[in-house]
Amino acid sequence: MDFQIHGVVVSKTIFCLFTFLSVVGTIYASTLPLNSSSSVVQINSNSVLVALLDSHYTELSELVEKALLLQTLEEAVGKHNITIFAPRNEALERDLDPEFKRFLLEPGNIKSLQKLLMFHIIPSRIGSSEWPSASVNESTRHQTLSTHEHLNLITNKDSTIKVDLAAVIHPDAVTRPDGIIHGIERLLIPRSVQEDFNSRRSLRAISAVIPEGAPEVDPRTNRLKKPVAPVPAGSPPALPISDAMAPGPSLAPAPAPGPGGPHHHFDGHSQVKDFIQTLLHYGGYNEMADILVNLTSLATEMGKLVSEGYVITVLAPNDEAMSRLTTDQLSEPGAPEQIMYYHIIPEYQTEESMYNAVRRFGKVKYDTLRLPHKVVAQEADGSVKFGNGEESAYLFDPDIFTDGRISVQGIDGVLFPPDDKDNQPKTETEKPTLSTSSKTSVKPRRGKLLEVTCGMLWAVGQDSHFTTCQ
């Protein structure tokens, strides 16, 4: 006897075998322990996690993915129902402090981001009808998925419900068999994360170095003309950055002591790695990161400079600007390095410091690692504009990365040094050769009266006394 499934005829034997294997697989899966490392939690398409990723709380779902919490939440849903308090997108886009948001998205602070997100989830199902009544005038305390952190559910006298200080604006926004989502007006910040942010901000303010001019160096001996007074730990080296880049047995500055690194020195390689990862997470600067890591050895060289105590500012062109580069501009040996060198300033500058400088002085010239070229900055349209003419770029992504040693500022164009070939003296082979006619044309011009007199005398007769007029 044969069966017909979706238009395909299947024999009775094959059908029975398929049914037997399905039943055996189901029984075997049910016998596996939930906490087994080999078991994989199966998430139903009707799960609250799927609903969160597909809901209009896009900012929260993106943070969950960046924090690598999907597997942890899948395990939590497999054990019990959950309640998610989801802040609206505006609370994460515009209402959140930019400095605090930058702190959460830094690669080294993923633990703080995970604590923050787990603080918004309760491992039990709590509907809007289960809030304490306003007549009781009490709050109920619930443990969150974040360790040692609790949330208080409150009902005001006007029957509005709150979770801690955030009002629930969309109660029971999403209901699923394994959980429920409530929309809230603002982000909930646990005390531990706030303390981490405050301590990191204080440490950054202490470790930041104010840029100062380097002492004068004797070009003959490459030594300082005047002895330098002792500097505190963490200060930049006394010698200019060109000495650290130049090869040879010149005086190499000793690594500046600082708060990072195994021997109380700056760990420049880790700082460069952090800022490249920040470029990738920020988005729109993949080409710049690819050149630094794969096409050149600039990342290693920048890490060496920062480890020796120098500070740098990177003007990072975005992907759209890098895509406008032609093959001829990148095909020559060393061309990517030369382009990138022109975008690195051996100073620690932020968007605020550069904008204040151009507003005060009009035009400011910054040294670059592409010696001896400088990049010109000026105020334009309420921002900072680098370069002149068509090959100019605006600062439109300020302070992508700032850690007191490395500053990354996003620009919308690729900068090139001005072509100075016209100002260079021409060689002997480049001097134009004058023809005979041109030689006669460049003779000193006679006076007009003398020319008329000589012409009249020549017409009357060729007198030997006036041969000088010829």
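Leaving aside neighbours within four places in sequence, Val 408 is in contact (heavy atoms within 4.5 Å) with Phe 275, Leu 279, Val 314, Ala 316, Asp 399, Ile 400 and Phe 401. The model is predicted: local features need pLDDT of at least 70 and side-chain atom pairs count only at pLDDT 80 or more, while totals for chains, interfaces and linings use all residues. Residues are numbered from 1 along each chain as its sequence is written, and side-chain values use heavy atoms, with hydrogens and water left out.

**Nonpolar cores**

- A nonpolar core is a set of buried Ala, Val, Leu, Ile, Met, Phe, Trp, Tyr and Cys residues joined through side-chain atoms within 4.5 Å; buried means under 20% relative accessible area with a 1.4 Å probe, counting protein chains only.
- The largest such core has 33 residues, and Val 408 is listed with Phe 275, Met 302, Ile 312 and Ile 406 as having the most contacts inside it.
- Helix α12 (residues 298-307) gives this core its largest share, five residues.
- A second, separate core of 30 residues includes Val 48, Leu 92, Phe 103 and Leu 116.

**Helix α12**

- Seven of the ten residues of α12 are buried, so the helix is mostly covered.
- The buried residues in α12 are Leu 298, Ala 299, Met 302, Gly 303, Leu 305, Val 306 and Ser 307.

**The seven-stranded sheet**

- Seven strands form an open sheet with mixed pairing, in the order β13-β12-β18-β17-β16-β15-β14; two strands pair if DSSP finds at least two bridges between them.
- β13 (344-345) and β14 (363-367) stand at the edges with a single partner strand each, so one side of each has no neighbour in the sheet.
- β14 pairs with β15 (residues 374-380) in the antiparallel sense over five bridges, and Val 364 stands opposite Ala 377 in β15.
- Helix α10 (residues 268-282) packs on the sheet and touches β12 (312-317), β17 (393-402) and β18 (406-411).
- The direction of α10 makes about 125° with that of β17; axes are lines fitted to C-alpha atoms, for helices over the stretch in contact, and angles run from 0 to 180 degrees between N-to-C directions.

**The whole protein**

- The protein has 18 helices and 18 strands, taken as DSSP runs numbered from the N terminus (helices H or I, at least four residues; strands E, at least two).
- Of the 470 residues, 37% are buried.
- Among contacts between residues at least 6 apart in sequence, 63% join residues at least 24 apart.

Note on methods:
Buried means under 20% relative accessible area, exposed over 50%, partly exposed in between (1.4 Å probe, protein chains only).
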